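This report examines the pockets of one protein and the sheet and helices around them. Please look at the sequence and the structure before reading on.

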Amino acid sequence: MDPVASPPPIPHSRPTLGPEDQEAVAAVLTSGHIAEGEQVAFFEEEIAKSVGAAGGVATSSGTAALHLALRALNVGEGDEVILPSYVCAAVLHAVHYVGATPRLADCDPRTFNLDPNAARRVAGRRTKAIIVPHLFGLPADLDALIPLGIPLIEDCAQTVGATLQGKPVGSIGEVTVFSFYATKVLTTGEGGMLTSPSASFVARARDLREYDEKKDYQVRYNYKMTDLQAALGRSQLKRLPQFLAARRALALSYTRAFADLPLLCPGDSPGRPHTFYRYVVRAAQEMVPRLLDLTSRGVTCRRPVFWPLHRALGLTGFAGTEEAWETAVSLPLYPSLGADQERVIQAVRNLYGEG
Ligand SMILES: *Cc1c(COP(=O)(O)O)cnc(C)c1O
């Protein structure tokens, strides 16, 4: 026995899975109907209802939902799509899947969200859509983007359950996408969803999702979700209010514990309460490697965006994104963090000599 064995590392994210999730999935297994079926239909209705949409189209991933959204908007070669540089590569991939040209726009490093002025500067005659992720749980400034008159694809992969001026995020754009990947607020393991206020748009996306029993031939996909996944998603969705309350309580504890440190902590924007998918602090640039290195001491910290898209594409500029990338560190935050939060707080405070 090692008398000074260290406690197990604290992961950066962890799904919140309980006995009710196990029962929901087991019931589908017992039923024998494991592919797309009634559980998927119910899950689609429930998510669509939560954002006041005409319907939902469950998919195998958030990336697939983005691809269907662009296809159903008839975005293709010769068209341009605006997206932020400060977001994961999935968003850029979807633009390339349809052969469109990505136009990256800078983010506002104070909110990490797409800067509407930067979006306006790259908008033009060929712009067919703007993909707006609500990043880390904070709703983006849609009010400033709507006047551009370009269809908005709300990316709620990180922000399910959030509101904007009292309206649910995902209820404002022409089309909305969700991801239910293992680390997201709600999970189905892998999975996604597309919703829209337009019933005909939903029907078009649904037609593209699956290839079977069609008499006409056009390129279609197999992006279906299984009933095993949908049952898990429904069971998770029932606990969304609890998940969000737990996240907010943990986030406020961090903010209180770091009040005297030279860190910028995340919080609400006016009319846009944060739902804390991530707790992303901004630190002096020289402190960032040290915060990331807490991982080697059992407190897993991450850059919340692995690599800015403009750098991946060899572009320069994007001062806001550069600033965000150079200063942002994401700390562990999820409902099951519990008492481990104290270890994270102590590790961060020790780093600043405030043990
Ligand atoms: C996770 C995520 C995606 C991609 O979803 P997948 O289910 O992993 O394909 C897209 N956009 C954002 C903002 C995400 O966080």
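How do the residues of the lining of the largest pocket divide into nonpolar, polar and charged?

## The largest pocket

In this predicted model, the lining of the largest pocket comprises 21 nonpolar, nine polar and six charged residues. The space in this pocket amounts to about 770 Å³. It is lined by 36 residues, and those closest to its centre are Cys-88, Gln-158, Tyr-181, Lys-184 and Tyr-277.

Several elements contribute to this lining. Helix 3 (62-72), helix 4 (89-97), strand 8 (175-179) and helix 10 (309-312) each provide at least two of its residues.

## The second largest pocket

The volume of the second largest pocket is about 260 Å³. Among the 18 residues lining this pocket, Arg-110, Thr-111, Cys-265, Pro-266 and Gly-267 are the closest to its centre. Its lining consists of 10 nonpolar, four polar and four charged residues.

Seven strands form an open sheet in the order 1-9-8-5-4-2-3, and their pairing is mixed. Strand 1 (55-59) and strand 3 (101-105) are the edge strands, each pairing on one side only. On average, neighbouring strands are turned by 20° against each other, direction ignored.

Strand 8, which supplies residues to the lining of the largest pocket, runs antiparallel to strand 9 (residues 192-196) and is joined to it by four bridges. Ser-179 has Gly-192 in strand 9 as its bridge partner.

## Helices on the sheet

Helix 4 lies across strand 2 (80-84), strand 3, strand 4 (127-133) and strand 5 (152-155), and runs at about 150° to strand 3. Helix 6 (residues 199-209) also packs on the sheet, where it touches strand 1, strand 8 and strand 9. The direction of helix 6 makes about 20° with that of strand 1.

Conventions. Residues are numbered from 1 along each chain as its sequence is written. This is a predicted model: local features need pLDDT of at least 70, side-chain atom pairs count only at pLDDT 80 or more; totals for chains, interfaces and linings use all residues. Side-chain values use heavy atoms; hydrogens and water are left out. On a 1 Å grid over the protein atoms alone, a cavity is a set of points where a 1.4 Å probe fits but cannot get out, and a pocket is an open set with protein on both sides within 12 Å along at least five of seven lines; lining residues have an atom within 4 Å of a point. Grid points are joined across faces, edges and corners, and a volume is the space filled by probe spheres set on the points. Ala, Val, Leu, Ile, Met, Phe, Trp, Tyr, Cys and Pro count as nonpolar, Asp, Glu, Lys and Arg as charged, and the others, Gly among them, as polar. Two strands pair if DSSP finds at least two bridges between them. Axes are lines fitted to C-alpha atoms, for helices over the stretch in contact, and angles run from 0 to 180 degrees between N-to-C directions. Contact means heavy atoms within 4.5 Å.
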